Amino acid sequence: MRTSYKMASIKHKNTKRIEGLDKNVWVAFTSVAADPSIVNLGQGYPDIPPPSYVKEGLAQAAMVDRLNQYTRGFGHPTLVKALSKVYGKVYDRQLDPFKEILVTVGGYGSLFSTMQALVEEGDEVIIIEPFFDCYVPMVKMAGGKPVLIPLRLKSSSAASSVSSADWVLDQEELASKFNSKTKAIIINTPNNPIGKIFSRSELQAIADLCIKHDTLCISDEVYEWLVYKGHEHVKIATLPGMWDRTITIGSAGKTFSVTGWKLGWSIGPEHLIKHLQTVMQNSLYTCPTPLQEAVGQGLLRDFELMGKPDCYFTSLALELEGKRDRMAAMLRQTGMTPVVPEGGYFMIADVTALNQDLSHMGDDEPYDYKFVKWMIKEKKLASIPVTAFVGEDSVKQFEKYIRLCFIKQESTLDAAEAILKSWNKD
Amino acid sequence: MIFSLIMQGNMSRKLHARRIEGIDKNIWVEFSQLAADYKAVNLGQGFPDFSPPHFIQEAFCKALNGGFSKHQYTRAFGHPNLVKILAKFFSRIVGREIDPMEDILVSVGAYQALFCTFQALIDEGDEVIIVEPFFDCYQPMVMMAGGTTCLLDLRLKEGCGPVLSSADWVLSPEELASKFSPRTKAIVINTPNNPLGKVYQQEELHMIADLCIKHDVICISDEVYEWLTYDGTKHVKIASLPGMWERTVTIGSAGKTFSATGWKVGWAMGPGHILKHLKTVHQNSVYHCATAAQEAVAVGSQREYDVFGTEGSYFQQLPKHLHEKRLRLADCLKSVGLKPVLPQGGYFMIADISNLNVDLADPSTKDEPYDYRFVKWLIKEKGLATIPVSAFFSPEHKDEFQKYIRFCFVKNGMFCSYF
């Protein structure tokens, strides 16, 4: 006999910490784009295979009995030692693999551990728009208050050729966001969705404010290896006075094109990492062992090749630069204005010039949400609305932009090109 | 830069959030390190020293060679193949139609399922009843969620025979009832229990269920060892009792089910209106779980679904294999003067060490509970790692349970050679 459930028990309601955090742009758009007849340039994952040695590394690891059982909670020794080698070289400092590194479930897990460890009620956290959408809900879940500041398009940029470098912070505006309650600022470089790589001087300006206000810096650098010609990825943690106050986040998923492995890491000083470790040991304890072993082996292999063209970190960026340029050309041809990214694997494009009338779709959503839905339905091409990455106050500034992912194989790009070429033909 | 003697580098403000205060110590970190340092035979932490069954290792190999999609993000709340087979499998056992998309959340091990549950349902001021001895993470997780733990002890019943079994540890009905208050949000039960090995009987679960219904309390049922019961003991799912499905979150583990603890695949199962809150926590904390491992677990679960109840089932073979190991370990322990408590289920056996009169003259441990000191002595002097059972009790009650240590018997080695 099935006991019928008549009234929702008040005790079965959600806790305060997750109030209002149930909505999520991905849940809405990924199911729509799951239709195989739609060319999916929406969610950010490759449809190209990972490097074979990484896959092989996993196959080998799975054959070892011990590697199918629990490993060290804060990170599998092979992996943390490899990370300390690779990043020791990049940071040009000795990194303690056991005290200054934490392995997490993707870059996402590092962000969560950081927020839960270091942010609480009463804290303000500065977030730069457009931002990877989870920053705001994570700050809120930790009880903190997000303080938003948008990147703004320099008025001097030529209308025809816009780069992500043309999007900058207003320095006075940035300084005004800092106060005694500011616990941290989150930066993402290379940035998702714009692809901006913060220059050394831009990072120095942020660093100066962090030091002046004794603020932490959370630097999301998951796309750190995807840097295109003429640009340099700078780690804010290497600027004077910044190591002690910065958590830098990396991702195996983005590094090795294995987003489905969900492994990432936080690197920072012991006095900060130890708090992230406390969160880790009270939330999921340890990450999967064979995956960590394989990533560790992959990193060691590429460590030996660092700086050489066949290092995957370099070769992937080179491969993607071609795709980036191809995508930008396709979009221009249609009449959209792409913002050519300096790094990462996303490109945003301004659709204003298309003058697409979407008034039939009502006006309870920003223009880009309507455009994306219309484009999925009418053109069978999926993308993501950029206002998903901004706060309410900045919607007007960004609602003519859509985000496209270009880490796709040539056949996918061919299919996208076909759609874009025939855009005006109906 | 000059080496800084300041604890926080050059930062002066308070850094860490209050929610992590008091939960930074962890026995596993401490004891695994010690066991590794002394290269001790590890009968401490609960993981097998043998491989997962061949069919699931094969499934993993197939998954990782199964095309690019197996290495990219899958559905956030659980890989479709996995949630579908879990729903099918458990629908048959629980006796109701479980919706794979609404009623199941796949997590990074059962540990993360527990985390999502507490974060989703426990607010400041909420009381959570925890039965001692408990898997050590429950209390810190309740604390991190701002809740208060209300402890209830399993006690050795009167008139036990000389050979102790985990069945001899019971809850007092009056004491259990007294723990429920208007502030009680949830009760956590673990069956088969870690560390005792107790498997709650139907009547005991009914007693708990009646109180949950009476006081409108959520039941969090950690059943990671559900396939490991011995001597014909039956595992009963409290969610299958009348009135309980709508208020129970049941937690399971592929790691324990398939002897692959390092894969960290687990799940929470329950009514959609509760699971949706766990999903909100999940999507704001880790978002996705690794794809290939989920695919492999799905294939392995389908295989077990097809051979369920037959001799070929891993769920028959593993408990059979461990049944013997359990008896063998109990004999070895007795032969050296320890008094084992024979578990009805699970991975572990506890043993009373009070008969041994060992001189634990180690000044570095003199302020610690007796069982902690004994375990450290055993690691350092005998090269054998175990876990002190008072670690599974709250700080308030540690003093009362200092004479037991916990052994994991899911090991291929010859136990007696260790003594």
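**Chain B and the largest pocket**

Chain B exposes about 15300 Å², of which carbon and sulfur atoms supply 54%; accessible areas come from the Shrake-Rupley method with a 1.4 Å probe, and for residues only the protein chains shown count as cover. The model is predicted, so local features need pLDDT of at least 70 and side-chain atom pairs count only at pLDDT 80 or more, while totals for chains, interfaces and linings use all residues. Residues are numbered from 1 along each chain as its sequence is written, chains are lettered from A and ligands numbered from 1 in the order in which they are written, and side-chain values use heavy atoms, with hydrogens and water left out.

Let me turn to the fold of chain B. Its secondary structure comes to twelve helices and 16 strands (DSSP runs numbered from the N terminus: helices are H or I with at least four residues, strands E with at least two). The C-alpha atoms of chain B fill a box of roughly 60 × 55 × 50 Å along the principal axes. Of its 419 residues, 65% count as buried, meaning under 20% relative accessible area with a 1.4 Å probe, protein chains only. Among contacts in chain B with a separation of 6 or more, 71% join residues 24 or more positions apart; a contact means heavy atoms within 4.5 Å.

Finally, the pocket lining. By class, the lining of the largest pocket has 15 nonpolar, 15 polar and eleven charged residues. Here Ala, Val, Leu, Ile, Met, Phe, Trp, Tyr, Cys and Pro count as nonpolar, Asp, Glu, Lys and Arg as charged, and the others, Gly among them, as polar.

Methods:
Buried < 20%, exposed > 50% of the residue type's maximum accessible area, 1.4 Å probe, protein only.
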